Amino acid sequence: MKNLSKFLISVTAIVCCCLLSCNKQEDLLNPASDIAGTLTSKSLHCGRVFTVSPSGNYTDDSYAIQTALNNAVAAGPGSTVQLTKGTFYLKDRIEVEGFDGFFKGAGKDKTVITTHDAVNFSIPSGDQESLIKFRHGNIKMSDLTIKILNPDPCTGLNNNENWQNALPSVIMITGSSIENPGAKVQPVSFTFNNLKFVGGAGNYWLNNNLCYFIYITGDGSIEPYKLNGEFKVTNCEFHSAVTCIASFFTTAKLVLTPFELL
C-alpha cells in the first residue's frame with residue numbers, strides 16, 4: 001500500500017509539472033514605440049499564443065504583427081498569432097519565413113487588416129510585391145477581414161510600368177528568395193478559413209486597385225522552383241479584384257470549397 005501511495009504521488013507530481021509547463025504564462029516585451037499596438041504572449045496546449053491589439057488612430061501596426069509572427073516562428077510549430085477585435089493599419093509589408101501555426105482574428109468584420117497610407121515596396125528586383133508574404137511553412141489563417149480600399153495602395157513597384165500604383169497581391173504564398181535554390185520543389189501549405197477579402201475601385205489594372213487576393217508562386221528565382229503541399233480555401237468571401245486566387249509553378253493540391261465571389 002505504501003508503494004502504491006508513493007507511485008500515485010509520483011504520477012500526480014509528473015502530471016502537475018506537465019500541466020504547468022504547458023500553461024505557464026510569460027509576458028513578451030511590448031513594441032519599442034509607445035504608440036505601437038500592444039503585444040503579449042502566453043502558452044496554450046504547449047503552443048505559444050501571441051496576442052496583438054490595434055494601436056488605433058491610423059498608427060502603423062505592421063511592427064507589432066511582424067514581431068508576433070517572428071516570435072511564433074521562433075517558438076516552434078503550433079504557435080498562434082491572435083489579433084484582437086479592431087482595425088489594424090499596415091504601413092509596411094509583412095514577410096515571414098517558416099511560419100507553422102495559426103494566424104487568426106476575432107471574426108470576419110470584427111478584426112480588420114487594412115491600409116491608410118500607401119505601402120512603399122523597396123525590395124530586391126525580381127521579388128514579387130505583396131502586402132503579406134509567407135515563405136515556406138504551414139499557415140492556418142482564419143476569422144478576419146483584409147480590406148484594401150485606397151485607390152493608390154502602394155508605391156515603388158518593380159514592375160511599375162504595368163501595375164503603376166495597384167497592389168499586385170494581398171497575400172502571397174511562396175518559398176525561397178534565393179536565386180536558383182538547391183531544392184527545386186519546396187514544401188508550403190496553407191488553410192484559409194472564414195476570411196473576407198475586400199478591394200476597391202482604382203485607376204489602374206482593369207479599374208481595380210489590386211490584382212490578386214491570394215497569389216501562389218515562386219519568388220526571387222531565375223529558374224522558378226515548384227511549391228508542393230496542400231492549399232485549402234473554405235468559407236471565404238472575395239470582393240472586387242482582377243483575380244481572386246492565382247497559382248503558378250506549383251504541384252500542390254488546391255481545394256476551394258466553398259467560397260463566395262461578390
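Asn209 counts as buried because its relative accessibility is 0%; buried means under 20% relative accessible area, exposed over 50%, and partly exposed in between, with a 1.4 Å probe and protein chains only. This is a predicted model, in which local features need pLDDT of at least 70, side-chain atom pairs count only at pLDDT 80 or more, and totals for chains, interfaces and linings use all residues. Residues are numbered from 1 along each chain as its sequence is written, and side-chain values use heavy atoms, with hydrogens and water left out.

Start with the surroundings of Asn209. Asn209 sits in the loop between strand E13 (185–199) and strand E14 (210–216). Helices (H or I, at least four residues) and strands (E, at least two) are DSSP runs, numbered from the N terminus. A polar atom of the Asn209 side chain lies 2.9 Å from the backbone oxygen of Asn150. Beyond four places in sequence, Asn209 touches residues including Ile148, Leu149, Asn150, Pro151 and Pro153. Ala166 and Leu167 are also among them, as are Gly199, Gly200, Ala201 and Gly202. Contact here means heavy atoms within 4.5 Å.

Now follow E13 itself. Two strands pair if DSSP finds at least two bridges between them. E13 pairs with strand E10 (residues 137–148) in the parallel sense, over eleven bridges. Within this pairing, Gly137 has Val188 of E13 as its bridge partner. E13 also pairs in parallel with strand E15 (residues 226–228), over three bridges. There, Leu227 of E15 is the bridge partner of Gln186. Strand E16 (residues 230–234) runs parallel to E13 and is joined to E13 by four bridges. Thr191 has Lys232 in E16 as its partner. Strand E17 (residues 236–239) pairs with E13 over three bridges, again parallel.

Next comes an open sheet. Five strands form it in the order E5-E9-E12-E14-E18, with parallel pairing. Its edge strands are E5 (94–97) and E18 (243–247), each pairing on one side only. Neighbouring strands of this sheet are turned by 15 degrees against each other on average, direction ignored. E5 is joined to strand E9 (residues 132–135) by four bridges, and the two run parallel. Arg135 in E9 is the bridge partner of Glu97.

Finally, confidence. pLDDT is the predictor's confidence in each residue, from 0 to 100. The chain has a mean pLDDT of 78, and 72% of its residues reach 70 or more. Over residues 1–37 the pLDDT is below 50, and this stretch has 32 contacts in the model beyond near neighbours in sequence. Residues 258–262 also stay under 50, with 15 contacts beyond four places in sequence.

How values were computed: Polar contact = N/O pair within 3.5 Å; in protein donor to acceptor, adjacent residues only side chain to side chain. Axes fitted to C-alpha atoms, helices over the stretch in contact; angles between N-to-C directions.
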